[in-house]
Amino acid sequence: NAGHNYDVVQARVNSILKGTPVKEDENKPEYYTVVKGDTMWKISKKYGLTLQALIALNPQIENPNIIYVGNKIRVR
């Protein structure tokens with residue numbers, strides 16, 4: 001219970017193993033703006049996250065099945 005999210009940590013380990021370059025500002029949050037047709041699942045796949053990791057990054061979203069165009073979703 002160190003406060004770490006397993007899915008987020010695992011996604012980062014996977015990107016390191018794939019040889020994805022590490023950004024200097026990797027700890028800086030990154031956001032995606034929802035467009036028509038988006039779902040949390042589609043966004044998670046676009047950014048190489050599990051759905052659970054994306055949900056964990058966005059506790060402000062009460063129901064992950066309902067997102068709106070223009071919402072800012074944290075993806076990193």
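Student: Does Val 13 count as buried, partly exposed or exposed, and at what relative accessibility?

Tutor: This is a predicted model, in which local features need pLDDT of at least 70, side-chain atom pairs count only at pLDDT 80 or more, and totals for chains, interfaces and linings use all residues. Residues are numbered from 1 along each chain as its sequence is written, and side-chain values use heavy atoms, leaving out hydrogens and water. Buried means under 20% relative accessible area, exposed over 50%, and partly exposed in between (1.4 Å probe, protein chains only). Val 13 has 35% relative accessibility and therefore counts as partly exposed. Val 13 lies in helix H1, residues 6-17; helices (H or I, at least four residues) and strands (E, at least two) are DSSP runs numbered from the N terminus.

Student: Which residues make a salt bridge, and how far apart are the closest N and O atoms?

Tutor: Side chains of opposite charge can pair when their charged atoms come close. A salt bridge is a side-chain nitrogen of Lys or Arg within 4 Å of a carboxyl oxygen of Asp or Glu. The structure has 1 salt bridge: Arg 76 pairs with Glu 30, with the closest N and O atoms 2.9 Å apart. The pair joins distant parts of the chain, 46 residues apart: Arg 76 is in the segment after strand S2 (72-74), and Glu 30 is in the loop between H1 and strand S1 (31-33). Arg 76 is partly exposed at 37% relative accessibility, and Glu 30 is partly exposed at 25%.

Student: Which residues have the most contacts inside the largest nonpolar core?

Tutor: In soluble globular proteins, nonpolar side chains tend to be buried together. A nonpolar core is a set of buried Ala, Val, Leu, Ile, Met, Phe, Trp, Tyr and Cys residues joined through side-chain atoms within 4.5 Å. The largest one here has 13 residues, and those with the most contacts inside it are Met 40, Ile 43, Leu 49, Leu 54, Ile 67, Ile 73 and Val 75. Helices H2 (40-46) and H3 are the elements giving two or more residues to this core, and H3 supplies its largest share, 3 residues.

Student: Where is Asn 58 placed?

Tutor: Asn 58 is in the loop between helix H3 (51-57) and S2. With a relative accessible area of 2%, Asn 58 is buried. The side chain of Asn 58 reaches the backbone nitrogen of Arg 74 at 2.7 Å.

Definitions and conventions:
A polar contact is a pair of N or O atoms within 3.5 Å; within protein, one must be able to donate a hydrogen and the other to accept it, and residues adjacent in sequence count only if both atoms are side-chain atoms.
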